2 protein chains.
Amino acid sequence: MCVIISLTEENYLKAIYTLSHLIDESEVSTNQISDHLNNKAATVTDMLKRLAEKKLIHYIPYQGVKLTEKGRQTAIKVVRKHRLWEVFLVDKLQFKWDEVHEIAEQLEHINSDELIQRLDKFLGKPKFDPHGDPIPDANGQLNIVKAIPLNQHKIKGMFTFVGVCEHSKTFLQHLTSIGLKIGDTLKVEEINEFDNSCKVKINKNNSQFFSNKVASNILVEIKK
Amino acid sequence: MCVIISLTEENYLKAIYTLSHLIDESEVSTNQISDHLNNKAATVTDMLKRLAEKKLIHYIPYQGVKLTEKGRQTAIKVVRKHRLWEVFLVDKLQFKWDEVHEIAEQLEHINSDELIQRLDKFLGKPKFDPHGDPIPDANGQLNIVKAIPLNQHKIKGMFTFVGVCEHSKTFLQHLTSIGLKIGDTLKVEEINEFDNSCKVKINKNNSQFFSNKVASNILVEIKK
DNA sequence: TACAAAATTTAGACTGCTCTAAAAATTTGT
DNA sequence: ACAAATTTTTAGAGCAGTCTAAATTTTGTA
Ligand SMILES: [Mn+2]
Ligand SMILES: [Mn+2]
Ligand SMILES: [Mn+2]
Ligand SMILES: [Mn+2]
């Protein structure tokens, strides 16, 4: 029942969870995990055997892995903690959105159900983290976000900026430097066929060009 | 210069720091550390060698250990983090003072100078933790507390309750159950010679008896 | 379909931290 | 002063998590 799950095991489970949700809900390969965690493939294989032993994953050698229900619950709890702590760091301690990820990587492993419940309440039971990612509730339920990258819409018009695909410090800082933050209104005024760049007005400000690379990492909803 | 100090090593340094301050600033023995951390003496010897190697302690086999300046700075930083997090848990998340120690034992190892500086500011740069223990400042300076256990005063009169010696959950809960909290005024009305118990009025409430054991774990200052 | 390339696992080793059992050093008591 | 008791260290081992090198399995393509 009450198997102890180490910090390292939590990180593997979170990696498998994240990787399996990148596209569909598919199986995750050893090399994918190895790349994601910066460990060697042999190390990953070793850990996969231990996680399977603990019934946290379904593992068939050479065939990739999937989380069991127990593994999924564990992973999603880590994600919940990570995102709640990020909200704390930004909302309460005034960190910038590009500064919080590394600290949250540590805080996500603090083990106390009471703590996380009280933190959630203290923060006003937020539904999204500072990057627009949904925060799973205490039961592991997650708002499915139907947002799509800006460049996939292929139409002019009004959008709301609700999240990012890319979470790197440099990308987040770039968005800050062009004056873009979660919740802003984007008006796409032109789309250039040849390179998929677009001319965009942020809120009521001057228009500027977004490269396809930028537009592909900005998640938007069509503005009602 | 920038030697990495593991969570385990931090706990050893904190233990040595705490034990060396119990009475005077004396050397700490292998068995003291072993008792304090619930590790075997052989395990401690092993770790002492590694800490000495990293210049965090002065270690002479069979003669006990002392922190180096670097070791002391590391230990005191952990203590600072522990106590700041306890303030956070009590002041912001409404935990009771007997519920926070175990969680702070985890949080004290989160590694981010920026985080601790912002947390300190967020909490209003507190000078004491929920148990009355002083919080070292960012430079490792600590208010020396001149408080003395109630039973050592041996005189009637008015005192202020400023801290506890014993930090166990059961003792803290006992104090709560008799309605005693940090900052309360204690009026010692009687002292019984034969068992050193005393009759005490808390603030303006009814008087009650404190056993010597209770009185020996309550730190007070004479009320001005 | 066969075979080369890529992915994955196995084998063997190392570090950090822990243990037990035994040896050595120190302290204590008479 | 010295034997007994206590403390501390040494020796040898195990587990978790990591690595490199080699073997094995799967995949993609000629
Ligand atoms: Mn993050
Ligand atoms: Mn995030
Ligand atoms: Mn504490
Ligand atoms: Mn405390």
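**Exercise 1. Which residues of helix α6 (residues 113-122) of chain A are buried?** Work out what they pack against, too.

*Solution.* One thing to keep in mind: this is a predicted model.

Step 1. Go along α6(A) and pick out the buried positions: A:Leu115, A:Ile116, A:Arg118, A:Leu119 and A:Asp120.

Step 2. Look at how these positions are spaced. An α-helix has 3.6 residues a turn, so residues three or four places apart point the same way.

Step 3. Now find the partners. Within chain A, the buried residues of α6(A) pack against α4 (69-92). Chain B joins in with its own α4 (69-92) and with α5 (101-107).

Step 4. Check what follows the helix. After α6(A) comes A:Gly124, with a positive phi near 85 degrees.

**Exercise 2. Describe how α1 and α2 of chain A pack, and say which residues make the contact.**

*Solution.* Two packed helices are described by the angle between their axes and the distance between the axes, and that's where we start.

Step 1. Take helix α1 (residues 7-20) and helix α2 (residues 30-37) of chain A: their angle is about 115 degrees, and the axes lie 10 Å apart.

Step 2. Since 65 to 115 degrees counts as roughly perpendicular, α1(A) and α2(A) are roughly perpendicular to each other.

Step 3. List who touches whom. From α1(A) come A:Asn11, A:Tyr12, A:Ala15, A:Ile16, A:Thr18 and A:Leu19, while α2(A) brings A:Gln32, A:Ile33, A:His36 and A:Leu37.

Step 4. Sort that contact by type, and you get six nonpolar residues, four polar ones and no charged ones.

**Exercise 3. How many disulfides does the structure hold over all chains?** Then have a look at A:Cys198 and B:Cys2.

*Solution.* Recall that a disulfide is a covalent bond between the sulfur atoms of two cysteines.

Step 1. The count over all chains is zero.

Step 2. Compare surroundings. A:Cys198 is buried, at 5% relative accessible area, whereas B:Cys2 is exposed, at 75%.

**Exercise 4. Sum up chain A as a whole: its elements, box, burial and contacts.**

*Solution.* 

Step 1. Count the elements: chain A has nine helices and eight strands.

Step 2. Box it in. Along the principal axes, its C-alpha atoms fill roughly 55 × 40 × 30 Å.

Step 3. Check burial: 44% of its 224 residues count as buried.

Step 4. Finish with contacts. Take those between residues at least 6 apart in the sequence of chain A; 58% of them join residues at least 24 apart.

Terms used:
Residues numbered from 1 in each chain as written. Chains lettered and ligands numbered in written order. Predicted model: local features only at pLDDT ≥ 70, side-chain atom pairs only at ≥ 80, totals over all residues. Heavy atoms only, no water. Axes fitted to C-alpha atoms, helices over the stretch in contact; angles between N-to-C directions. Helix = DSSP H or I, 4+ residues; strand = E, 2+ residues; numbered from the N terminus. Parallel < 35°, antiparallel > 145°, perpendicular 65-115°, else oblique. Contact = heavy atoms within 4.5 Å. Nonpolar A, V, L, I, M, F, W, Y, C, P; charged D, E, K, R; others polar. Buried < 20%, exposed > 50% of the residue type's maximum accessible area, 1.4 Å probe, protein only. Disulfide = S-S within 2.5 Å.
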